[in-house]
Amino acid sequence: MPNRLQLESSPYLKQHQYNPVDWYPWGEEALSKAKKENKLIIISIGYAACHWCHVMERESFENTEVAKVMNDHFVAVKVDREERPDIDQVYMTAVQLMKGQGGWPLNVICLPDGRPIYGGTYFKPEEWISILIQLNETWLEKPDVAYDYAERLTEGIVRSDLIPYNEVQEPFRLQDLIDMVSDWKNSFDAKYGGNRRVPKFPLPNNWLFLLRYGFHTKDNTVLDHVHFTLKKIACGGIYDQVGGGFARYSVDAEWHIPHFEKMLYDNALLISLYSEAYLHKRDPHYKRIVYETIAWVKREMTHPSGAFYSSLDADSDGVEGKYYCFTEREIREALGDDAESFVHYFQISSEGNWAEMNTNVLKIDEHADTLAQDVGYTAQEWENYLAETKRRLWDYREKRNRPALDDKILCSWNAMMIRSLSDAYRVFDQPDFLDVAKKCDQFISENLLKANDRLLRQPEHRGRQILGFLDDYAFYIDALIGLYECTFEVGYLLRAKKLTDRVLVDFWQKGDTVFNYSSQEAEQLIADKKEVMDDVIPSSNSVFVGQLFKLGLFFDDDNYRSMAMQTLGNVFPQIKTYPSAFSNWAILVLEEVVGVNEIAITGPKLHKYRKELDQVYLPNRITLGGTEESLPLLKNKIGQTTKVYVCRNKSCSKPVNSIPAALNLIFNPESN
């Protein structure tokens with residue numbers, strides 16, 4: 001018989017609906033039962049694409065002996081970390097304080113009031129049973145010990161987020177950034193790209209910061225390493241060489257063997273990164289990566305309504321990576337006469353280049369496209385031939401059982417994809433990219449945006465709503481600004497401003513130094529978390545503060561800017577200490593150091609000029625335009641001819657009538 005999880009919308013929770021464990025979803029029913037029966041709570045957190053979550057389910061949660069211990073002595077609660085990241089943050093912090101590290105599956109034992117007393121990640125069945133029995137005995141015989149530990153641990157969870165107030169007395173200095181990057185360079189992996197650590201995550205905002213830093217400081221060592229890293233990632237098995245899109249991370253130093261789950265957020269952030277990198281260095285491989293990844297998103301990750309799904313599993317038929325790998329025999333069967341060339345191109349071996357599984361994870365050499373020259377193809381002929389070859393391999397692969405799809409629709413992740421499509425549209429002038437972004441925005445505005453300018457985390461289910469978290473607001477505001485800069489339709493900016501004002505009311509309290517992750521209207525947990533460190537996904541605080549800076553410029557709002565500056569100043573000491581974990585914040589510091597160009601385009605040819613401007617690598621800018629005085633910076637600048645204004649620090653240049661003339665004002669100010 002199915003348990004209570006059968007009524008949930010989350011695919012991850014539904015995966016557990018037939019477990020013999022008497023699972024509850026997070027909610028008042030489970031918490032009340034624990035208090036009434038004076039039982040400890042097991043909070044088990046994971047997500048649908050998590051390989052080790054599946055392993056622990058098979059070994060423990062489908063095991064009747066394990067289930068009996070859990071059911072007899074505990075109240076068991078299952079949580080989808082992507083649906084309720086607020087819960088995950090609280091208990092992940094607890095496990096990190098207890099064990100020094102965390103991960104998923106995350107399994108935490110709590111008092112009936114939700115305060116944690118023990119936790120970890122993956123447990124073998126025998127170990128799990130032993131731990132549960134010991135904890136239950138301690139709870140029954142020495143409850144004071146459990147209460148004392150829970151109180152101290154919960155205090156630690158609260159303290160972990162404290163950011164001291166820091167008086168900003170002088171402008172940020174370029175030397176601070178130079179010192180930070182100088183130390184960072186020592187961790188660069190000169191052989192395989194990225195940083196010297198295993199496993200390897202792409203960390204898009206690390207390389208976005210370093211790309212912009214290298215550009216502004218003319219640091220060719222940094223620029224070379226960024227592009228070297230991006231090539232290595234694009235050539236490795238972490239990138240799906242057949243179907244497009246990136247896996248979450250590689251388990252080796254070479255970006256070769258991935259953990260095969262594909263997440264929407266990784267791919268959104270990497271589309272933006274590779275688009276920007278293409279502007280800086282017009283490598284056709286970068287363009288191919290962007291187009292193939294967007295094609296994968298449209299083909300496999302898009303709901304008919306235009307919204308985007310969350311992830312694809314790592315496993316199929318219970319085997320990690322089975323769907324994505326090929327033996328040499330399969331390559332030859334799929335490609336026939338063309339196989340010989342592509343056995344070499346994809347570095348296939350008869351025994352398998354993934355020794356553990358005796359199969360091949362397709363990868364290419366960073367100079368593999370010279371194969372085109374070897375066989376006499378032009379650049380375009382090679383792109384066409386390569387695309388056709390990949391299509392044939394994809395058709396062959398599609399006969400297999402596909403990995404499971406997590407069809408959750410999350411506001412923040414969809415917003416990231418809107419932004420990435422907007423970025424790609426501006427770089428490659430591909431109208432379809434913008435059309436797809438607009439359709440997703442329409443879904444969010446119709447299904448996730450409430451009349452009071454509050455967002456939902458995901459669509460309502462069975463009358464239940466999950467209020468949006470700070471990342472939902474921050475990334476959606478960023479997406480709306482991106483759509484504005486593509487279209488100059490001021491409605492996007494006005495919606496972004498309304499959401500920003502809602503954040504200032506709902507996510508900030510007097511005396512705070514950074515923004516809360518959950519709104520004041522949301523369910524109150526045992527601790528209010530504040531997401532500050534940038535991980536694979538930039539922190540919600542750094543993203544939102546970045547939008548405050550931008551909207552302060554668009555609307556000439558000094559209150560936005562002063563709040564953004566103070567928040568950035570509060571975090572700055574930590575940025576200096578650990579820049580790779582605060583790289584999105586570091587981008588904001590960089591923009592304060594080098595300044596932001598506000599480029600206004602007015603007149604009948606504004607879109608032609610906007611497209612021309614978007615072909616120039618100039619990351620420290622906002623762009624606005626129109627034929628009406630819809631924004632403060634456009635006042636008294638509208639006329640019958642197309643003009644470009646370059647503004648900085650509340651001062652604008654005289655209008656010029658071409659993009660080259662505007663760029664000359666920016667790059668050669670002393671000559672004007």
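Colleague: What should helix 9 span at 1.5 Å a residue, and how far apart are its end C-alpha atoms?
Modeller: The 14 residues of helix 9 (residues 204–217) should span 20 Å, and the end C-alpha atoms are 20 Å apart, so the two agree. The expected span is 1.5 Å times one less than the number of residues. Bear in mind that this is a predicted model: local features need pLDDT of at least 70, side-chain atom pairs count only at pLDDT 80 or more, and totals for chains, interfaces and linings use all residues. Residues are numbered from 1 along each chain as its sequence is written, and side-chain values use heavy atoms, with hydrogens and water left out.

Colleague: How do you define a helix or a strand?
Modeller: Both are DSSP runs, numbered from the N terminus: helices are H or I with at least four residues, strands are E with at least two.

Colleague: How many residues of helix 9 are buried?
Modeller: 11 of the 14, so helix 9 is largely enclosed by the rest of the structure. Buried means under 20% relative accessible area, exposed means over 50%, and partly exposed is in between (1.4 Å probe, protein chains only). Among the buried residues are Trp 207, Phe 209, Arg 212 and Tyr 213.

Colleague: What do they pack against?
Modeller: The buried residues of helix 9 pack against helix 8 (174–185), helix 10 (220–235), helix 11 (264–280) and helix 23. Contact means heavy atoms within 4.5 Å.

Colleague: Which residue just after helix 9 has a positive phi?
Modeller: Lys 218, at about 60°. Most residues other than glycine have a negative phi, and most peptide bonds are trans.

Colleague: Which peptide bonds are cis?
Modeller: One joins Trp 104 and Pro 105, with omega about 5°. Another runs from Val 198 to Pro 199, with omega near 0°. Pro 105 is in the loop between helix 5 and strand 4, while Pro 199 is in the loop between helix 8 and helix 9.

Colleague: Which way do strand 2 and strand 3 pair?
Modeller: Parallel, over seven bridges, for strand 2 (residues 40–46) and strand 3 (residues 74–80). Ser 44 is opposite Lys 78 in strand 3. Strand 2 and strand 4 pair antiparallel over five bridges, with Ile 41 opposite Cys 110 in strand 4.

Colleague: How many residues of strand 4 are buried?
Modeller: Five of the five, so strand 4 is largely enclosed by the rest of the structure. Leu 106, Val 108 and Cys 110 are on one side, with Asn 107 and Ile 109 on the other.

Colleague: And what joins strand 4 to strand 5?
Modeller: A hairpin with five residues between the strands, where Gly 114 takes a positive phi near 95°. The pairing is antiparallel over four bridges, and Gly 119 in strand 5 is the bridge partner of Val 108.

Colleague: Is Tyr 47 buried or exposed?
Modeller: Tyr 47 counts as buried, at 2% relative accessibility. The loop between strand 2 and helix 3 (51–61) holds Tyr 47. Leaving aside neighbours within four places in sequence, Tyr 47 has contacts including Tyr 12, Asp 80, Trp 104 and Arg 248.

Colleague: Last one: which residues of helix 18 are buried?
Modeller: They include Phe 433, Leu 434, Cys 440, Asp 441 and Phe 443. Their cover includes helix 12 (284–300), helix 17 (411–428), helix 19 (470–487) and helix 20 (490–506).

Definitions and conventions
Two strands pair if DSSP finds at least two bridges between them.
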